[in-house]
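Visitor: I would like to go through this structure step by step. Could you take me through it?

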Amino acid sequence: YKTAAEEGLIIKRTPDNKIDTKEARQILEDKVSDIHKGLNDYLTKKQGSFSLEKIRGKAHAELKSSIKNAKELNDAVAEVNDYVNAEIDRYGEIVTPKQLNTIKQGLWSVGYNLLKPTAKTTARKIGFIAKETLEQGLTDKNIKALNEQSGKYQTLINLLENAQGRVIQG
C-alpha cells in the first residue's frame with residue numbers, strides 16, 4: 001500500500017460502506033500500459049535473441065524443486081509446456097528482446113487473472129524467468145527499473161482487486 005500512498009491513489013467507499021477500488025485500479029492499469037509501451041519501444045532498438053526452450057527448462061527445474069506433490073508437479077509442467085508451445089507456435093523458438101517482453105507481459109496478465117487461479121503459479125513463474133532472462137541478457141538498468149515499477153503496480157492492482165467490495169469496519 002506504500003505505492004498507493006506514493007501515487008496519491010484515492011480508495012473510494014460505496015454507499016453501502018464497501019471498498020471501491022475500480023478507479024484506483026484503472027489509474028494503475030493505465031500506468032502499467034504506458035510502462036509496457038515504453039519498454040516495448042525501447043526494446044525494439046535492442047539487439048539480442050533468447051531461447052524459449054531454455055526458459056522452459058528453467059521453469060521445469062524451478063517447479064521440480066518447489067512442488068513436492070507429483071500430480072501437482074505434472075499439472076504445472078503441462079501448463080508450462082502449453083504456454084511455451086503456444087509462444088513457439090507464434091514466434092518460433094528464438095525470440096527478440098521485444099518479443100520476449102511481450103511474452104512476459106502476457107504471462108503476467110494471466111498470472112494476475114483472478115478468473116484463472118490455477119494458471120497463476122506457472123504463468124507468473126515463466127514470466128519471472130522471462131524477466132530475469134531479459135535483464136541478464138541485456139544488462140540494461142533501464143529495463144530492470146521499468147520492470148520493477150511495472151511489478152509494483154501489478155502487485156498493487158492485485159491487492160486492490162482483492163480488497164474490492166469488502167465491508168469497511170467501524
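**Asn101 and its surroundings**

Guide: The side chains of Asn101 and Lys104 are joined by a polar contact of 2.8 Å. A polar contact is a pair of N or O atoms within 3.5 Å; within protein, one must be able to donate a hydrogen and the other to accept it, and residues adjacent in sequence count only if both atoms are side-chain atoms. This is a predicted model, in which local features need pLDDT of at least 70 and side-chain atom pairs count only at pLDDT 80 or more, while totals for chains, interfaces and linings use all residues. Residues are numbered from 1 along each chain as its sequence is written, and side-chain values use heavy atoms, with hydrogens and water left out.

Visitor: Where does Asn101 lie?

Guide: Asn101 lies in helix 5, residues 97-111. Helices (H or I, at least four residues) and strands (E, at least two) are DSSP runs, numbered from the N terminus.

Visitor: Is Asn101 buried or exposed?

Guide: Asn101 counts as buried because its relative accessibility is 0%. Buried means under 20% relative accessible area, exposed over 50%, and partly exposed in between (1.4 Å probe, protein chains only).

Visitor: Which residues does Asn101 touch?

Guide: Not counting residues up to four places away in sequence, Asn101 touches Leu39, Asn40, Leu43, Leu134 and Asn147. Contact means heavy atoms within 4.5 Å.

Visitor: What about Trp108: buried or exposed?

Guide: Trp108, also found in helix 5, is buried, with a relative accessible area of 9%. Leaving aside neighbours within four places in sequence, Trp108 is in contact with Arg124, Gly127, Phe128 and Lys131.

Visitor: How many residues apart in sequence are Trp108 and Ala123?

Guide: Trp108 and Ala123 are 15 residues apart in sequence, and their C-alpha atoms are 6.4 Å apart in space.

Visitor: New topic: which residues have a positive phi although they are not glycine?

Guide: Among them is Asn17, with a phi of about 70°. Asn17 sits in the loop between strand 1 (12-13) and strand 2 (19-20), and is partly exposed at 24% relative accessibility. Another is Thr139, with a positive phi of about 40°.

Visitor: Where is Thr139?

Guide: Thr139 is in the loop between helix 6 (120-138) and helix 7 (141-163). Thr139 is exposed, with a relative accessible area of 67%.
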